[in-house]
Amino acid sequence: MAAGVAAWLPFARAAAIGWMPVANLPMPVAPTNKNKHQDELIILNVSGRRFQTWRNTLDRYPDTLLGSSEKEFFFNEETREYFFDRDPDLFRSILNFYRTGKLHYPRYECISAYDEELAFFGIIPEIISDCCYEEYKDRKRENIERLMDDLEDNKDSKLPNMTFRETMWRAFENPHTSTMALVFYYVTGFFIAISVITNVVETVPCGSMPNQRDIPCGERYTEAFFCMDTACVMIFTVEYLMRLFAAPSRYRFMRSVMSIIDVVAILPYYIGLVMTNNEDVSGAFVTLRVFRVFRIFKFSRHSQGLRILGYTLKSCASELGFLLFSLTMAIIIFATVMFYAEKGSSSSKFTSIPASFWYTIVTMTTLGYGDMVPKTIAGKIFGSICSLSGVLVIALPVPVIVSNFSRIYHQNQRADKRRAQKVQKARLARMRISKSGSSNAFVHSKRNGLNQSLELTLPYYKMKLSPQGSLEEDQQLKKTTSLLESQHHHLLHCLEKTTNHEFVDERLYEQGYLQTALQNFPSQSPSLSSEEGITGTCCSRRTKKNMQPLSATHTHTHNLQELSALHIQCGEQQPLNTSRSSLNLMSDESGSLNCKSSGLVTTAIISIPTPPSNNSRASPDAPPPPNPDAPPLPNPGTDVVKISAL
Amino acid sequence: MSVRWETEGLQTVGIVCLVIMFLKLMHLLGLIDITETDSSDSDLELSTVRHQPEGLEQLQAQTKFTKKELQSLYRGFKNECPSGLVDEETFKTIYSQFFPQGDATTYAHFLFNAFDLDRNGSIRFEDFVIGLSVLLRGSVTEKLNWAFNLYDINKDGYITKEEMLLIMKSIYDMMGRYTYPSVRDEAPSEHVEKFFQKMDRNRDGVVTIEEFIETCQKDENIMNSMQLFENVI
């Protein structure tokens, strides 16, 4: 239950008087609060700084250290205060959680210190409120990555039992692992550089032949360049083949970007070898030579910064897309306007709208080549507007990209978007579990028979249990729920009595039956209600053991004495109330899931009214334990036989 | 000729654009003030409505709580509603949290109307405390009166079957779906029938306050349960 709402519990209980005249059954006894001194101030001394708060405030969260009796361990008799030897600054936010119900994460605090404090005081970090949760998660992720980085650095020491292939792969990926790898790394880097320089120098005009035409060096020293090219390509080919051999997953390796770059870098050479003397395709061959420049991308294996740049551009795809889109829009608009503005002037260069595109782009990026200029007044006005807006449009998304790059560069972040999704799901699941705990707590405590002790007809139920069972039962009672919870449960119990229906676990409900003929239910009240505990435990254990729905309903029919028809109709449930509180979210989902799985049986089963002896037979097998994992299965065989004997 | 018109037209358009942009820039900079209708409304909405309760002594006189109890109640109240007023939505949210399996909003609506004595759409602390005082410290007659007031939706002094049906449905709504036995559609109306059989002495189809109090005083269960919440505070 939320914090402040606990303060309204007395109000809700008082308002329950509104149900009393309507109810037909007697109400259960209210739980008494034994310690009357509730409104006292307690002093929490945290490393010398004294915090004071009401005891009520701390009692709002009974499953934390301060809310439970665990704090008594820290009670100092002489000074009559609770002393904690922890950080007082962090304690502020923890105490504020009790006061306001919201846990905030202070930005200036270290994340691991904060986590430790939360763990000490028994507060789960998932309930950090949304205003601070993003920050918390980011910092936590950073921290984890930093730890993982440290771990990986340590892991780089030689692992035993690595095959030759794995060693090679590790050598390729982390050059600093062995000297051989380092040598290889530098050699390939050198040859990449040589290759690129060769490609560049090839086109420089060097020297002039007597026929007055500067020819590029490539054509002058053909053999030399050819030899260089061959050498480089051989090295690259060998490297590629070695990587292909060493890769743990060859298919994945062949699909990766780096290997595609490798292939594209060396392919033109081989294609050139194959089709040397064919005049028609020489044009295409020349085009292929362009791809040799891709060799420069091989440097990205050697440079971390290049890789980060590539990754940044990939991760800023949305900003880049926005930039491109807005630029395109602006270009089209301004080109159209300029075309129509300059249409009238003589010898205008703006011959068509696509021709004006060039002017617009050059103006918006503030290049201003000057090969196309507007001559009319309107053209000049719109041209100036164009250049001003160009500055704005381009300047806006760029800082986003820059900050992205800086963040990635500093964190050296891996692609963990998939991990983030899983974490979000896990967080929601944890919150749901802790929240549904409260809504199911009433049903659970009923199942555990805790509420039975509050029943006005007490002895009948106690007789039913075997002595062993009742001992466990008493121990159950001793493990008390807090006063707040017991009051809340009493309130829900009163509502049950008013409407003459009981709250059940949604799983039970969706195991799938709809009691249509239980109108006689109220007339059986004391005995039947006291058997509810047994029914509940029996069936809950059954559901948890995932037995077929058929046998579960059989057990139900045995334990209930009035039943004329039994339907399993999962598919006909009414649509859910849309105004249900969010606490029910999980239960709805799980409910519908179970419905689909077990809603196939549609036979009508007629049961016989079973004498009470059956119950006593069933009950020794079903002591109501807190954890449903341990108990023995009741004998299903006999139950089934009984039905078929009809 | 048409080309010349086009050029001149575009020229005009260009100049007009420039002038407008210039004016907007001036307005933005605050140098000139183009009177528009927005400005002043937004300020009013920022101020929240706040209410301070009457003094402690006055409340003590009006209710049967001690000073300490009033202090404790006010602390809880103020924590949840810092502005000092509970509106219906907040009330529904708070009340719904106690009944996670069902839908408590309809019943909370009726409850709200029962507490909001002056029908102004919000509960002040005085209303809250006076209501609680009746419920917890009042005599049985006062409590029955309060319950009657709750059931009588239009406050005309009579509980009709329709009113009772609404109330009953809202109570059953609070149970939610996962009940054993499942709530059938006829359950509320059957319950209302039983209620009327018990309460409506002269069979005129409505229950008056006298019939109500008389019947309740004769029913032992009801009288017992009225004393149930004595020690809530």
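Exposed, in these notes, means over 50% relative accessible area. I'm working from a predicted model.

I started with B:Arg203. It isn't a glycine, yet its phi is positive, about 55°. I placed B:Arg203 in the loop between helix H10 (187–199) and strand E5 (206–208) of chain B. Its relative accessibility is 56%, so B:Arg203 counts as exposed.

I then looked up A:Ser347, another non-glycine with a positive phi, here about 45°. A:Ser347 sits in the chain A loop that links helix H14 (317–342) to helix H15 (353–364). A:Ser347 has a relative accessible area of 63% and is therefore exposed.

**Helix H3, chain A**

H3 covers residues 88–100, 13 residues in total. I get 18 Å from its first C-alpha to its last, close to the 18 Å expected at 1.5 Å a residue. At its start, a side-chain oxygen of A:Asp87 comes to within 3.1 Å of the backbone nitrogen of A:Asp89. Just past the other end, A:Gly101 has a positive phi of about 85°. I listed the buried residues of H3(A), among them A:Leu90, A:Phe91, A:Ile94, A:Leu95 and A:Tyr98.

**Helix H11, chain A**

Where does H11(A) kink? I found the kink at A:Leu267, about 35°, shortly before the proline A:Pro268. I checked the length too: the 18 residues (257–274) should span 26 Å at 1.5 Å a residue, and the end C-alpha atoms are 26 Å apart, so the two agree. The buried set of H11(A) includes A:Met258, A:Ile261, A:Asp262, A:Ala265 and A:Tyr269, and A:Pro268 is in it as well. A reminder to myself: an α-helix has 3.6 residues a turn, so residues three or four places apart point the same way.

**A:His490**

I found A:His490 in helix H21 (residues 483–499) of chain A. Is A:His490 buried or exposed? Its relative accessibility is 2%, and since the cut-off for buried is under 20%, A:His490 counts as buried. Skipping neighbours within four places in sequence, I listed its contacts: A:Arg13, A:Pro28, A:Val29, A:Ala30 and A:Pro31, plus B:Leu228 and B:Phe229 from chain B.

**EF-hand annotation, chain B**

An unreviewed UniProt entry annotates "domain: EF-hand" over residues 103–138, 139–174 and 187–222 of chain B. For 103–138 I got 67% helix and 8% strand, with the end C-alpha atoms 29 Å apart. For 139–174 I got 69% helix and 8% strand, with the ends 28 Å apart.

Notes
Residues numbered from 1 in each chain as written. Chains lettered and ligands numbered in written order. Predicted model: local features only at pLDDT ≥ 70, side-chain atom pairs only at ≥ 80, totals over all residues. Heavy atoms only, no water. Helix = DSSP H or I, 4+ residues; strand = E, 2+ residues; numbered from the N terminus. Expected span 1.5 Å × (residues − 1). Bend = angle between axes of the 7 residues up to and from the residue. Buried < 20%, exposed > 50% of the residue type's maximum accessible area, 1.4 Å probe, protein only. Contact = heavy atoms within 4.5 Å. UniProt positions renumbered as here; feature names shortened; annotations may be inferred. Polar contact = N/O pair within 3.5 Å; in protein donor to acceptor, adjacent residues only side chain to side chain.
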